[in-house]
Amino acid sequence: MQALPNIFLIGPMGTGKSTIGRLLAAELRRPFHDSDHEIEHRCGCGIPWIFDVEGESGFRVREAEVIDRLTSLEEIVLATGGGAVTSSTSRQYLRERGVVVYLSTTLEQQLRRTARDRNRPLLQGTDRRERLRQLMAEREPLYLSTADLVVSTDRRSPRAVVREIKRRVRRLQNPLEQDA
Ligand SMILES: Nc1ncnc2c1ncn2[C@@H]1O[C@H](COP(=O)(O)OP(=O)(O)O)[C@@H](O)[C@H]1O
Ligand SMILES: O=C(O)C1=C[C@@H](OP(=O)(O)O)[C@@H](O)[C@H](O)C1
Ligand SMILES: [Mg+2]
């Protein structure tokens with residue numbers, strides 16, 4: 001069977017990119033990277049600190065650098081942050097260097113899954129529903145134009161989502177392969 005290419009997960013906050021990416025990498029026995037964790041690791045500080053001190057634009061510069069570095073690796077699974085696709089250079093690297101999977105879900109699920117979070121500055125001190133809706137309106141065309149596959153994570157366990165990603169990436173690699 002052909003080796004699977006890099007798999008890059010994109011999509012809005014709370015769709016499960018970090019959770020599903022880690023699980024998918026473990027199942028495929030591949031290195032897992034999360035661009036948010038890498039940004040924090042390099043900086044030695046948290047994402048809220050970066051937004052406070054450098055603003056969102058400072059965070060985006062760091063994010064684009066990290067996406068360039070991580071997408072240059074091979075045979076990895078990468079979970080990106082929800083806003084990574086706002087950089088045209090990052091979109092290009094994602095498309096050129098692996099299979100891009102857009103994880104989607106409903107606004108209600110996003111609200112539930114980010115309810116107790118304090119680590120996503122764009123959702124602090126604001127009407128989260130309105131904010132998530134607005135971000136989705138701005139970014140959905142970018143998710144769709146960057147993705148090779150769209151996979152829903154709504155009302156499905158991370159394990160079920162991982163199964164679907166594996167199956168559909170394999171099918172994309174070899175359209176004639178039958179499902180097991
Ligand atoms: N398929 C799923 N079903 C239910 N909860 C999920 C699912 N995927 C992720 N979660 C939960 O949602 C929250 C956000 O997930 P996370 O992986 O951080 O999303 P993202 O990286 O896309 O922002 C976490 O608490 C996680 O446990
Ligand atoms: O949508 C965004 O702009 C962001 C999403 C976050 O990642 P997750 O999508 O993993 O929550 C993180 O990168 C940062 O808070 C900004
Ligand atoms: Mg994440």
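Leaving aside its neighbours within four places in sequence, which residues is Ser18 in contact with? In this predicted model, the residues in question are Asp34 and Ala79. Ser18 itself belongs to helix H1, which covers residues 17-28. Ser18 has 17 C-beta neighbours inside 10 Å and therefore counts as partly exposed; a buried residue would need 20 or more, and an exposed one 12 or fewer. An unreviewed UniProt entry lists Ser18 under "binding site".

Ser18 is also one of the residues around ligand 2. Sorted by class, the shell around ligand 2 comprises four nonpolar, four polar and three charged residues.

The strands of the model form an open sheet. Five strands take part, in the order S2-S3-S1-S4-S5, and their pairing is parallel. Strand S2 (32-34) and strand S5 (149-152) are the edge strands, each pairing on one side only. On average, neighbouring strands of this sheet are turned by 25 degrees against each other, direction ignored.

At one edge of the sheet, S5 is joined by four bridges to strand S4 (residues 99-104), and the two run parallel. Ser104 stands opposite Ser152, a residue of S5. As for the other edge strand, S2, helix H2 (residues 35-43) lies across S2 and strand S3 (77-79). Helix H2 runs at about 70 degrees to S2.

Technical notes
Residues are numbered from 1 along each chain as its sequence is written. Chains are lettered from A and ligands numbered from 1 in the order in which they are written. This is a predicted model: local features need pLDDT of at least 70, side-chain atom pairs count only at pLDDT 80 or more; totals for chains, interfaces and linings use all residues. A residue is near a molecule or strand if its C-beta atom, placed from the backbone, lies within 6 Å of it. Ala, Val, Leu, Ile, Met, Phe, Trp, Tyr, Cys and Pro count as nonpolar, Asp, Glu, Lys and Arg as charged, and the others, Gly among them, as polar. UniProt positions are given in the numbering used here, feature names are shortened, and annotations may be inferred rather than shown by experiment. Two residues are in contact if their C-beta atoms, placed from the backbone, lie within 7 Å. Two strands pair if DSSP finds at least two bridges between them. Axes are lines fitted to C-alpha atoms, for helices over the stretch in contact, and angles run from 0 to 180 degrees between N-to-C directions.
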